[in-house]
Amino acid sequence: MKKSTILKGAGLYGLLTGAAAWKFFSYTVKRREEDGKLNSSNPYIDLIKEKSTWLQQQKTEKVSILSFDGLKLRGIFLPAEQKTDRVILAVHGFRANVMKDFAGLLYFYHQQGYHVLLVDDRAHGASEGKYIGFGCLDREDCYRWIHYLDQRFHGQCSIFLHGISMGAASVLMTSSMNLPISVKGIIADCPYTSIWEEICYLTEREKKSWIIMYPIIKIASKICKAVAGYEYDEISSEEEVRNTKIPILLIHGKEDRFVPPSMSEKIYDSCVSKKELWIVPGAKHAESYYIAREEYEEHILKFMEKAEKTESIG
């Protein structure tokens with residue numbers, strides 16, 4: 001075979017790989033206008049609609065902060081009915097919204113007397129942004145939302161972070177940062193270890209050729225760094241919990257085939273703070289609350305009670 005033919009073939013391969021990588025990046029990271037819209041096939045649509053209507057009837061406050069890179073991030077603050085210093089920061093998942101992920105939990109927390117701050121992730125809902133952060137950027141956003149709450153309550157509050165799926169990874173990635181003492185605990189429901197490992201898992205699950213996909217994903221990661229500001233393997237939940245003092249409750253559905261429960265197990269093994277892991281039988285991805293509601297509520301209440309007592313003793 002002639003050298004010119006080989007070079008042309010290599011050049012064509014490079015072009016095709018680059019084009020595939022850009023398409024992969026765009027499909028994965030770019031914002032979509034339809035993100036967060038409720039799918040009629042959602043098995044919990046009736047509950048979500050019911051709690052959405054309930055939320056609209058409450059006295060809420062629209063709030064916003066500025067991200068480290070100049071985006072306006074928006075949220076809804078639902079105050080407790082009675083005076084309290086306890087507040088939940090709720091962080092939703094990939095291409096979702098807070099009502100889809102927190103419909104039942106929002107009502108539960110409100111009934112328990114907590115303030116709840118529901119935030120739209122960057123590139124989701126009412127928040128600005130073209131590119132999804134996958135926790136690598138969202139950790140910085142969580143950090144600023146935490147300080148917003150801390151200042152709002154003049155440092156006299158107990159803040160619990162509750163994230164689901166990508167939101168769970170985001171709050172875990174935040175756990176190693178220099179957080180105010182008002183942060184008492186983290187509840188992470190079906191988190192991934194890193195977006196790189198999650199993409200690798202999904203690639204293998206779909207039985208796609210790793211020889212073909214690896215260079216595409218690797219180049220897409222470099223594109224993401226150049227365009228969105230982070231690489232897929234830049235931040236890991238598993239690594240960040242090695243450097244935290246904040247108590248962590250990990251929850252994961254045993255039948256989760258989108259983010260495998262083994263990822264929560266790896267995070268649990270790496271975590272150096274007080275920690276708990278609950279694998280929920282029969283639950284698929286982000287379904288644990290719906291499948292085992294009473295047990296879920298019992299787990300988080302006991303966890304938060306212990307976390308606050310530990311803080312007061314320490």
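Arg139 and Glu240 form a salt bridge with their closest N and O atoms 3.3 Å apart; the term covers a side-chain nitrogen of Lys or Arg within 4 Å of a carboxyl oxygen of Asp or Glu. Because Arg139 belongs to helix α4 (residues 138-152) and Glu240 to helix α8 (residues 237-240), the pair ties together parts that are 101 residues apart in sequence. Helices are DSSP runs of H or I with at least four residues, numbered from the N terminus.

Arg139 has a relative accessibility of 11% and counts as buried. Glu240 is also buried, at 16%. Buried here means under 20% relative accessible area, exposed means over 50%, and partly exposed lies in between, using a 1.4 Å probe and protein chains only.

## Basis of the values

The model is predicted: local features need pLDDT of at least 70, side-chain atom pairs count only at pLDDT 80 or more, and totals for chains, interfaces and linings use all residues. Residues are numbered from 1 along each chain as its sequence is written, and side-chain values use heavy atoms, with hydrogens and water left out.

## Other salt bridges

The structure holds 18 salt bridges. One of them lies within helix α4, where Arg144 and Glu140 are four residues apart, about one turn of the helix. Their side chains meet at 3.1 Å, N to O. Arg144 is partly exposed, with a relative accessible area of 27%, and Glu140 is partly exposed at 22%.

Glu231 pairs with Lys222 in a further salt bridge, with 3.4 Å between the closest N and O atoms. Glu231 counts as buried at 16% relative accessibility, whereas Lys222 is partly exposed at 47%.

## Cysteines

How many disulfides does a search of the whole structure find? The search finds zero, a disulfide being a pair of cysteine sulfur atoms within 2.5 Å.

For Cys224, the closest cysteine sulfur is that of Cys136, at 7.7 Å, which is too far for a bond. Cys224 counts as buried, at 0% relative accessibility. For Cys271, the closest cysteine sulfur is in Cys142, 17 Å away, and this too is too far for a bond. Cys271 has a relative accessibility of 6% and counts as buried.

Terms used:
Helices (H or I, at least four residues) and strands (E, at least two) are DSSP runs, numbered from the N terminus.
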